[in-house]
Amino acid sequence: MRTDDFLEVVHELVAFVRVAEAGSFSAAARRHGLTPSAVSRQVARLEKALGVSLLRRTTRQLHLTEAGREVLERGRALVAAAQATLRVAEGHVGGPRGLVRLSAPKAFARHVLHEPLLAFLRACPEVDLHLLVDDRPVDALREGVDLVVRMTDDPPPGMAARALMSVRQWVLASPAYLASSGRPILRPEDLAAHRCLPLGEQAGDSLWRFARRAGGASHGGDGDGDGENDGTVDVTVYGRYAVNHSEMRLAAIEAGLGVGCVPDFVARDALQAGRVVRLLSGWTVASHYQGTAYLLFPASRHLPPKLRVLIDHLVAALGSAGT
């Protein structure tokens, strides 16, 4: 029997497995909606194709031959594999079900994603979620991740992208620090005379690059700038404390250690409570952690329902967020 000939006896193999498990042709026939004689003929065709006897029939019982026991073991594995394959397919059609692996930066996951994800899990009880919290760039295809959140203005080629929300870096200081410094901050260049809190991850983190926002005011008490520079401005900043954790940097700003840049979604509550003051609001600060938060996923015409539903949920939940 050629290896590919199994395609001609798949139904017969399944019938044999059911007969062996049920212990009779009648029980197997009821399960398949056939007559006992039809099931018996299927088993006979399998025996003829294999060239061996699989069952010894008596008036009361069926007994497996040695070959039958081996065929049953392998046939069960084949049936189990087919059933598992169908379960995989079910996760790609019909209702949302199965596991979704989602990667997101740490602060964004905590401050932005956590509550919408809890709501999603409540709404979709058949979907499981594995949230991978990591600030490094994640390669979805290579690392087996279904969805990746990335801050960028240029989504990578070869990936589908859905915009979630805009993300900006805010320049902040505490009211106490501003009162004690006695030096106003109206332009980016003014930061050179202040204590600042860089990230400290790379040698260039002490060089802050500013660009005027479109429609930014030319001057004013909120530090929108004085209109003397319409391009970019580079400022080398100094300070006693460098920290690459946004929440710790915000806490240091609130403690009066100096001026720092923090993502808007991390600082929003502190700003509303008056614990910090936003500076230079007419300028943007160059950072790899700003732009648009995109949900990235491998491009496919057949997106599984579990992914489609989660993507739509996050887009709807976060679409109105931002400044």
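Predicted model: local features only at pLDDT ≥ 70, side-chain atom pairs only at ≥ 80, totals over all residues.
Which residues does Val149 touch, not counting residues up to four places away in sequence? I looked this up before anything else. Val149 touches Leu102, Ser103, Ala104, Pro105, Phe108, Leu113, Leu164, Tyr294 and Leu295, where contact means heavy atoms within 4.5 Å.

Residues are numbered from 1 along each chain as its sequence is written, and side-chain values use heavy atoms, with hydrogens and water left out.

**Overall.** I find ten helices and 14 strands in the protein chain; these are DSSP runs numbered from the N terminus (helices H or I, at least four residues; strands E, at least two). The chain has 323 residues, and 38% of them count as buried, meaning under 20% relative accessible area, with exposed over 50% and partly exposed in between (1.4 Å probe, protein chains only).

**Cores.** Back to Val149: it belongs to the largest nonpolar core, which has 41 residues. A nonpolar core here is a set of buried Ala, Val, Leu, Ile, Met, Phe, Trp, Tyr and Cys residues joined through side-chain atoms within 4.5 Å. Phe108, Leu113, Leu147, Val149 and Leu164 touch the most other members. Helix 5 (residues 106-123) gives this core its largest share, seven residues. I also noted a second, separate core of 17 residues, with Ile185, Val237, Trp283 and Val285 among them. In soluble globular proteins, nonpolar side chains tend to be buried together.

**Cysteines.** I counted zero disulfides, taking one as a pair of cysteine sulfur atoms within 2.5 Å. Cys196 is buried, at 0% relative accessible area. Cys124 counts as buried too, at 12% relative accessibility.

**Met248.** I found Met248 in helix 8 (residues 246-254). Met248 is partly exposed because its relative accessible area is 42%. Leaving aside neighbours within four places in sequence, Met248 is in contact with Tyr241 and Val243. From Met248 to Val262 I get 9.9 Å, C-alpha to C-alpha, with the two 14 residues apart in sequence.
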